[in-house]
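The following exercises concern a single chain. Please study the sequence and the structure, then work through each task before reading its solution.

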Amino acid sequence: MSRVDLMIGGRDYAVACSPGEEDHVRLLGRIIEEKMDALPGTTNQSEVRSMLFAALLLADEVQELRQQADQGAPDTPPADPALAQRLDAVAAKLEQLAASVEGLF
């Protein structure tokens with residue numbers, strides 16, 4: 001098991017991951033940090049609440065992409081099984097990160 005240190009919302013988090021997944025987990029951490037930075041009016045919110053809002057926004061994006069893929073929306077490319085697998089992997093990593101953060105508070 002490998003360990004990755006992430007800085008999200010001005011706080012350090014140690015996250016366990018499979019060997020070879022370190023760069024991917026760091027990328028996910030940067031995506032979460034970007035979402036938190038983009039949230040308006042969260043400076044007065046608790047860290048947990050800010051993380052929750054960021055996770056909700058990311059989950060919403062994943063859900064929209066899944067719906068577009070399922071519906072074959074005209075503005076999107078045809079459903080791509082590899083993309084669906086990547087989205088599922090990202091969702092699983094987000095759930096793991098949320099679970100590891102939840103125990104800290």
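**Exercise 1.** Are Arg3 and Asp5 buried or exposed, and what joins their side chains?

*Solution.* Step one: both Arg3 and Asp5 are exposed, where exposed means over 50% relative accessible area, buried under 20%, and partly exposed in between (1.4 Å probe, protein chains only). Step two: their side chains meet in a salt bridge, with 2.8 Å from N to O. A salt bridge is a side-chain nitrogen of Lys or Arg within 4 Å of a carboxyl oxygen of Asp or Glu. By this rule the count comes to 4 salt bridges.

The model is predicted, so local features need pLDDT of at least 70 and side-chain atom pairs count only at pLDDT 80 or more, while totals for chains, interfaces and linings use all residues. Residues are numbered from 1 along each chain as its sequence is written, and side-chain values use heavy atoms, with hydrogens and water left out.

**Exercise 2.** State which elements the chain has and in what order they run.

*Solution.* Step one: there are 3 helices and 2 strands. Helices (H or I, at least four residues) and strands (E, at least two) are DSSP runs, numbered from the N terminus. Step two: from the N terminus on, the order is β-β-α-α-α. Step three: β1 and β2 run antiparallel and are joined by 7 bridges; strands pair if DSSP finds at least two bridges between them. Step four: in their hairpin, 2 residues lie between the strands, and Gly9 takes a positive phi near 60 degrees.

**Exercise 3.** Which parts does the salt bridge of Arg11 and Glu47 tie together?

*Solution.* Step one: the side chains of Arg11 and Glu47 meet at 3.1 Å, N to O. Step two: Arg11 lies in strand β2 (residues 11-17) and Glu47 in helix α2 (residues 47-71), so the pair ties together parts that are 36 residues apart in sequence. Step three: Arg11 is partly exposed at 32% relative accessibility, and Glu47 is partly exposed at 21%.

**Exercise 4.** How far apart in helix α1 are Asp23 and Arg26?

*Solution.* Step one: a salt bridge joins the side chains of Asp23 and Arg26 (2.9 Å, N to O). Step two: the two residues are 3 apart in helix α1 (residues 22-38), which means that about one helical turn separates them. Step three: Asp23 is exposed, at 58% relative accessibility, whereas Arg26 is partly exposed, at 33%.

**Exercise 5.** Which residues touch the most other members of the largest nonpolar core?

*Solution.* Step one: a nonpolar core is a set of buried Ala, Val, Leu, Ile, Met, Phe, Trp, Tyr and Cys residues joined through side-chain atoms within 4.5 Å. Step two: among the 15 residues of the largest core, these are Leu6, Ile8 and Ile32. Step three: β1 (2-8), β2, α1, α2 and α3 (81-102) each give two or more residues to this core. Step four: leaving aside neighbours within four places in sequence, Ile32 is in contact (heavy atoms within 4.5 Å) with Ile8, Met51, Ala54, Leu58, Leu94 and Leu97.

**Exercise 6.** What is the nearest side chain of opposite charge to Glu33, and how far away is it?

*Solution.* Step one: Glu33 lies in helix α1. Step two: Glu33 is buried yet has no salt bridge, and Arg30, the nearest side chain of opposite charge, is 11 Å away. Lys and Arg count as positive and Asp and Glu as negative; His and the chain ends are not counted. Step three: beyond neighbours within four places in sequence, Glu33 is in contact with Met7, Ile8 and Gly9.
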